[in-house]
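I opened this entry to keep a record of what I looked up, going from the whole chain down to single residues.

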Amino acid sequence: MPLVSINDLTVRFRGPALFENISNNIEHGERIGLLGRNGTGKTTLMKVLAGEMTPDHGTVLFNTGAKVALLPQGVPQDIVGNVEEIVRQGLTNHDFENSWQNDVQVKQILSRMNLQPDTIVANMSSGMKRRVLLARSLVNQPDLLLLDEPTNHLDIDAIVWLEDFLLRWPTTLMFVTHDRQFLKRLANRIWEIDAGQLFDWTCDYTTFLERKQAALEAQEKQFALFEKRLAEEEVWIRQGIKARRTRNEGRVRRLEEMRRVHRDRRSKVGVANLKIQEATRSGALVSEVKNVTFVHSTELNAPKILDNFSTTIMRGDTVGIIGQNGSGKSTLLKVLLGEKKPQSGTVRLGTNLQIVYFDQLREQLDEDQTIEECVSDGYQMIQIEGRSRHVLGYLQDFLFTAERARTPIKFLSGGERSRVLLAKLFAKPANVIVLDEPTNDLDSETLEMLEERLVDFSGTLLVVSHDREFLNNVVTSTVVIEVGENGKRTTQEYFGGYDDWIRQRQSTSENKMPAKANALSLQPESSSPNSTASNATLTKKKLTYKEQRELDGLPADIDQLEGQIAELHVELADPAFYKQPGDLIASKQSTLQILEAKLTTAFARWEELEARLT
């Protein structure tokens, strides 16, 4: 007997039903990944299964005594109490006879999730609050665990821990997530809500992607054939019916049926047409920090967020920032952008920087404004790529109809809010894009579109993310903040995305060598006797799509760097150059050193990638 039976379920708010007359069963021990575009009803279905919402039609039947728990998508802002008190709210049996067992369950889940019982939840970071809410969902050991975007606000270590934990979870799981690696590891069954129907793919996520692509190609062919036949019939009917014969009357009826099908067929939800407006190029240097130390508190033993950290970010760099929640990733961003002043060291910003900033909590959105008001700042027309465009037309690119665009932001889903913020930011020209957890709540299609646009962006990108696939696909270098057992933070730079960082960290650990920001530490020519094995491992690994893109672009980058260096050499060789103010001379010489270091790094990276292809 199935754990859950869903029979003829229909939920409708306004307009077409979110889903209509859907039926299916959930079996014991399954791990179901629930997919669908933002706004298709994934969260609504989970609320119906959890008993928090009554459907317009149909039933949901559970096995006798089955328990269900739902981890909601958002993090409530009004949580009151300490960790233990919040977790205990997940217990359903508070009888005196069960008090001892309840205590054991609470202690076990707090220990397994590394939570301190007396910590006040209101003072915790968003990621830690999320962990507390997850513990509350797990403490009662539900037979069906429903997770709505469980990886939101979790750091990478916590996500990996959660994957391992849920793989060992003995009961049934259904989850909605944008994290594609999470889906690949966990899901053994895929459900998809599309155009009001529930499709059961009965496979893992990787197989689903293959089957889905094949199904879309077949559907497009069917639609094209249908449209061709309909057009032919419309031409025939306009020419007039030459005789009142039965076969002609039958043909007319078939045409009327085709028109009805065409009219009633629910249109496929489109893909967001994201476009980034690129501003005029910034200077070659974007940000240079030297020997920076930053501490939030003035207390004597306060932990250093940054300790003697140095880096240089040049125009066109795409840098990912990785670290645990609370490790200081957002602080590092603000130091790099000159928004926070370090206690020691220097920060130098480049010229002509036009920055747009995506904050993970979406605090730039006014809850009481409509989508249209938020994006347009009160105007009907906005400037996009030098042309005036009506804001409602622009919002259609982000999948907001004219009716939806007049909806207050407080009524939007998490994914819709993310699209609103992207629309607001991309309406402004930029040459530096800063993204702090941009992937939360976005559906996979919009996420892939965002990745493509960011890869094609010629400006500078700084991104904080816990989405491993996103980092692998977008960034070409990472800055990693690691927190030791004593609370001491170390900040180091690595080439590539998340997988590259893991590989380099493991290689460094094996060779007992410290990670270095310089590309030369990763070269096959290294004279270290221990480097041979690790370099052999590098050559055996195939290049990822992002690495191949990087390799293809390196010759052009090198040519550009060599051209800039040559221009500076000519300028510095002119005797008249040294009649200028001293600070301008020093700035030019510093820029030359930065470009030469960049060129050395580019050549080193080119050699490394080429070596791995041989």
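I began with burial: of the 614 residues of the protein chain, 49% count as buried, meaning under 20% relative accessible area with a 1.4 Å probe and protein chains only. The model is a predicted one, in which local features need pLDDT of at least 70 and side-chain atom pairs count only at pLDDT 80 or more, while totals for chains, interfaces and linings use all residues. Residues are numbered from 1 along each chain as its sequence is written, and side-chain values use heavy atoms, with hydrogens and water left out.

I next looked up the secondary structure, which comes to 19 helices and 20 strands, taken as DSSP runs (H or I, at least four residues, for helices; E, at least two, for strands) and numbered from the N terminus.

I then turned to Arg-130, which sits in helix H4 (residues 126-138). Arg-130 is buried yet has no salt bridge, and Asp-148, its nearest side chain of opposite charge, is 6.3 Å away; a salt bridge would need a side-chain nitrogen of Lys or Arg within 4 Å of a carboxyl oxygen of Asp or Glu. I did find a polar atom of the Arg-130 side chain 2.5 Å from the backbone oxygen of Pro-72.

My last stop was Gly-415, in helix H13 (residues 414-426), where I noted a relative accessible area of 2%, so Gly-415 is buried. Leaving aside neighbours within four places in sequence, Gly-415 is in contact (heavy atoms within 4.5 Å) with Asn-38, Gln-73, Asp-441 and Leu-442. Gln-73 is also among the residues that Arg-130 touches.

Definitions and conventions: Buried means under 20% relative accessible area, exposed over 50%, partly exposed in between (1.4 Å probe, protein chains only). Lys and Arg count as positive and Asp and Glu as negative; His and the chain ends are not counted. A polar contact is a pair of N or O atoms within 3.5 Å; within protein, one must be able to donate a hydrogen and the other to accept it, and residues adjacent in sequence count only if both atoms are side-chain atoms.
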